[in-house]
Amino acid sequence: MVDYDPFAEETLQDPFPIYRRLREESPVHYIESLDAWAVSRFQDIWDVSLDTEHLTVTQGTSTPFVLTKSLPPFRNLNHMDPPEHTVLRTQIAPFFMPNRVRELALRMRAIVNECIDEFVDRGEADIVGELAQIVAIRVGCLVVGFPEAEAGRLVSLVKRFMARAPGAQGLTPDGIEAFGEMCAFLGEIADRQRDYKGESRQPIDAFLRLADEGLIPQEEVGQHLALLLVGATETFPKAFANAVVLLGRHPDQRAELVADPSLTPGGLRECLRLGMPTQYLLRVVTRPFELHGQKLSPGQAVLLMYASGNRDDREFEEPDRFDVHRLSRRILTFGHGTHRCLGAFVAEMEGRLMLEELLRRIPESEVDEAAGARDVADFIQGYSALPIRFAVAG
């Protein structure tokens, strides 16, 4: 029987062989040390993501909160169930919908090119630190309403919050401190905008209005903004770095995207399927139910194994094969159901524009995977630095 431990070194370094065994041998797998269940098949994850009758997010959705209990759950959209969640998300979601994202596309493309300008004549770059991370925080500021002048401090707080100590589970003491600083600082940023009384222009305005109307406590505004900040700055750079790696491993398919940019959205989707950084998120059982003959009990955690589901051969033909022409009708990269990633359309636009401009301006490059630095925390994995080298145009 397969033995799965999300914190084991072999899992952190290469989880996909273990995921394959889980899907085949134990699709609803009990992790005794955590009193938790790992759900690894695509359709099961899809269905469980819709189940608000037996599962809750109010105790958190990531391991530091649910499994290790190293920090009490804090309230934001990710930690609310319907109907409360529905009321708030309805007010915030319009700022992340396709129409608004398309309105920002010209500015987003300009941000991408401003970053590429800084290294295109140098012949080398760190695709995370010099492109993806900068674009992510600047676009996050643009979409959410954070002041761009504070971008450096905001990224630093997120990195401290997400840092993990080798061999330890959960948040570090500095990570807990950083989270408190983050919420307080974001609350201060929101307070600077309290005098504005017009129509909501950005999510910060909407959260302030919700607080003024008594729908959320004033002290929660910073916590809601922290969710948007972490979502905007942590996973996207890792996802884009994985896309660069995949295209570097398949130069023939990269050349196809260079020759025909109309293939970029589909190519990006394939990169997001195979290279998603979020290995899983969690729910907690509130009412007993059965899945594949296993009895799940109240209080137990359920790991929704997104990265495993995205490689399930029940959903995808030859799921481990990279193919920019693949037409996947469903992927789990942005989750599913009530808590599907609020910034999915933003991330897709960012990724498309970055791939288009990077491949237009640097059509051929060598990806130095060995010199890259990878974060291998239990539920989010990916590159924090990834060098590329390329010929400088004469």
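**Figure 1. Helix α5 passes helix α11 in a right-handed crossing.** A crossing is right-handed if the near helix is turned clockwise from the far one by less than a right angle, and left-handed if anticlockwise. Helices (H or I, at least four residues) and strands (E, at least two) are DSSP runs, numbered from the N terminus. Helix α5 covers residues 84-92 and helix α11 residues 203-212; their axes lie 9 Å apart and form an angle of about 140 degrees. Axes are lines fitted to C-alpha atoms, for helices over the stretch in contact, and angles run from 0 to 180 degrees between N-to-C directions. The angle makes α5 oblique to α11; angles under 35 degrees count as roughly parallel, over 145 as roughly antiparallel, 65 to 115 as roughly perpendicular and the rest as oblique. Leu88, Gln91 and Ile92 of α5 meet Pro203, Ala206, Phe207 and Leu210 of α11, where contact means heavy atoms within 4.5 Å. The model is predicted: local features need pLDDT of at least 70 and side-chain atom pairs count only at pLDDT 80 or more, while totals for chains, interfaces and linings use all residues. Residues are numbered from 1 along each chain as its sequence is written, and side-chain values use heavy atoms, with hydrogens and water left out.

**Figure 2. Helices α9 and α12 cross at roughly 90 degrees.** The axes of α9 (residues 151-162) and α12 (residues 221-233) come within 10 Å, and the angle makes α9 roughly perpendicular to α12. Leu154, Val158, Phe161 and Met162 of α9 form the contact with Leu229, Val230 and Thr233 of α12.

**Figure 3. Ile127 belongs to the largest nonpolar core.** A nonpolar core is a set of buried Ala, Val, Leu, Ile, Met, Phe, Trp, Tyr and Cys residues joined through side-chain atoms within 4.5 Å. Buried means under 20% relative accessible area, exposed over 50% and partly exposed in between (1.4 Å probe, protein chains only). Of the 134 residues in this core, Tyr4, Ile127, Leu131, Leu225 and Phe240 touch the most other members. Helix α8 (residues 128-144) supplies the largest share, ten residues. Apart from neighbours within four places in sequence, Ile127 is in contact with Ala132, Phe240, Ala241, Val244, Leu358, Leu386 and Ile388.

**Figure 4. Ile388 lies in strand β12 (residues 387-389).** With a relative accessible area of 1%, Ile388 is buried. Its contacts beyond four places in sequence include Gly123, Ile127, Val244 and Ser365. Ser365 is 23 residues from Ile388 along the chain, yet their C-alpha atoms are separated by 6.3 Å.

**Figure 5. Helix α15 is largely enclosed by the rest of the structure.** Eight of its eleven residues are buried, among them Leu268, Cys271 and Leu272. These buried residues of α15 pack against α13 (235-249), α14 (251-259) and α17 (344-361). The loop between α15 (264-274) and β5 (281-285) holds Thr278, which is buried at a relative accessible area of 14%. Thr278 touches Thr235, Tyr306, Ala307, Phe379 and Ile380, not counting residues up to four places away in sequence.

**Figure 6. Asp35 and Pro83 show backbone features in loops.** Asp35, between β1 (28-31) and β2 (36-39), has a positive phi of about 50 degrees although it is not a glycine. Its relative accessibility of 33% counts as partly exposed. The peptide bond from Pro82 to Pro83 is cis, with omega near 5 degrees, and Pro83 lies in the loop between α4 (63-66) and α5.
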